[in-house]
Amino acid sequence: MSRALRPAVLATLTVLVLLVLAPFALVAVNAVKSPDEYATDGPLSLPNGLYFKGITDFWIRVDFGEKLFNSFVIAFSVAVLAVVISVLNAYALGIGRVRGRSAFLVFFLLANLLPQEALVYPLYYLSKEVGLYNSQLAVVIIFTAIQSAFGTYLLSSVFAAFPREMLEAAAIDGAGKVRTLWRVVVPISWPSLSVLFTFFFIWTWNEFFLPLVFLISNDKQTVPVALGVLQGDRLMDATTTSASALLGILPAILFFLIFQRTLSRGVMSGAIK
């Protein structure tokens, strides 16, 4: 890159970063602003001091610690199970070359494209029949199936290009199919699996519609459901609403920042391959 273009590129990147961070910064500023300051100075003014009563009131009102735990358990369980199922399916389709491979891949693709609104009634009826309605297990099973359909479709193409020499070497050493999978395929494919895990966790964490339908008890609700139900049921001032938005998005941002290096390595590894 020439020196003449560097200032323009840096300026463009700076503007893009500011545009991305501006909404989050506005929410954070209004979350620590008192209602009187918000009413007097407006949403764009800086607070004279830190006002945490809106955050504490919201935390106590919805028992936010419980909702965080519910969301973490569901999102983490779905991410782990979906990655494991995706690996097993993709190993059979991408490396095992089972009959009807193309038909299976089309099926998983179509299953991933179905909107949740089309699935909600049959899933609701089935959960009622098997006694899983209003349980977190039902949500984990549903999202595991949805996420693993995408993971299977993606990993199948990755495993299809897996070096055959390594598989043949493992077979010569006496490794069976299961051992080859966990000792050869999974370690080499770990960057791709870490990317899938991160995406599955964040996607599941942000889900609202299906948890709203299947988790009707207050003690089983997730963070997005608690935020939506509370804001629709009770009147809150602007600062408390900003506090709820801040608490809702902060865990997902922290999770993304923690796994940012792993995510970057996975993406770069896929690009290099």
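1. In this predicted model, helix α8 passes helix α9 in a right-handed crossing. The two helices pack at an angle of about 155 degrees, and their axes lie 10 Å apart. Angles over 145 degrees count as roughly antiparallel, and α8 and α9 are therefore roughly antiparallel to each other.

2. On the α8 side, the contact is made by M166, L167 and A170; on the α9 side, by T180, V184, V185 and I188. Of the residues in the contact of α8 with α9, 6 are nonpolar and 1 is polar, with no charged residue.

3. Helix α4 (residues 64-95) and helix α5 (residues 101-113) form another packed pair, at an angle of about 145 degrees and with axes 10 Å apart. Here α4 passes α5 in a left-handed crossing. N89, L93 and G94 of α4 meet R101, F104, L105 and F108 of α5. The residues of the contact of α4 with α5 comprise 4 nonpolar, 2 polar and 1 charged.

4. The largest nonpolar core has 38 residues. V83, V87, I95, F159 and V185 have the most contacts inside this core. Elements giving two or more residues to it include α3 (53-62), α7 (136-160), α8 (164-172), α9 (177-188) and α13 (238-258). Helix α4 gives the most, with 9 residues.

5. V83 is in contact with L193, L196, F197 and F200, leaving aside its neighbours within four places in sequence. There is also a second, separate core of 11 residues, with V120, Y133, F143 and L210 among them.

Technical notes:
Residues numbered from 1 in each chain as written. Predicted model: local features only at pLDDT ≥ 70, side-chain atom pairs only at ≥ 80, totals over all residues. Heavy atoms only, no water. Axes fitted to C-alpha atoms, helices over the stretch in contact; angles between N-to-C directions. Helix = DSSP H or I, 4+ residues; strand = E, 2+ residues; numbered from the N terminus. Left-handed = near helix turned anticlockwise from the far one by under 90°. Contact = heavy atoms within 4.5 Å. Nonpolar A, V, L, I, M, F, W, Y, C, P; charged D, E, K, R; others polar. Core = buried A, V, L, I, M, F, W, Y, C linked by side-chain atoms within 4.5 Å. Buried < 20%, exposed > 50% of the residue type's maximum accessible area, 1.4 Å probe, protein only. Parallel < 35°, antiparallel > 145°, perpendicular 65-115°, else oblique.
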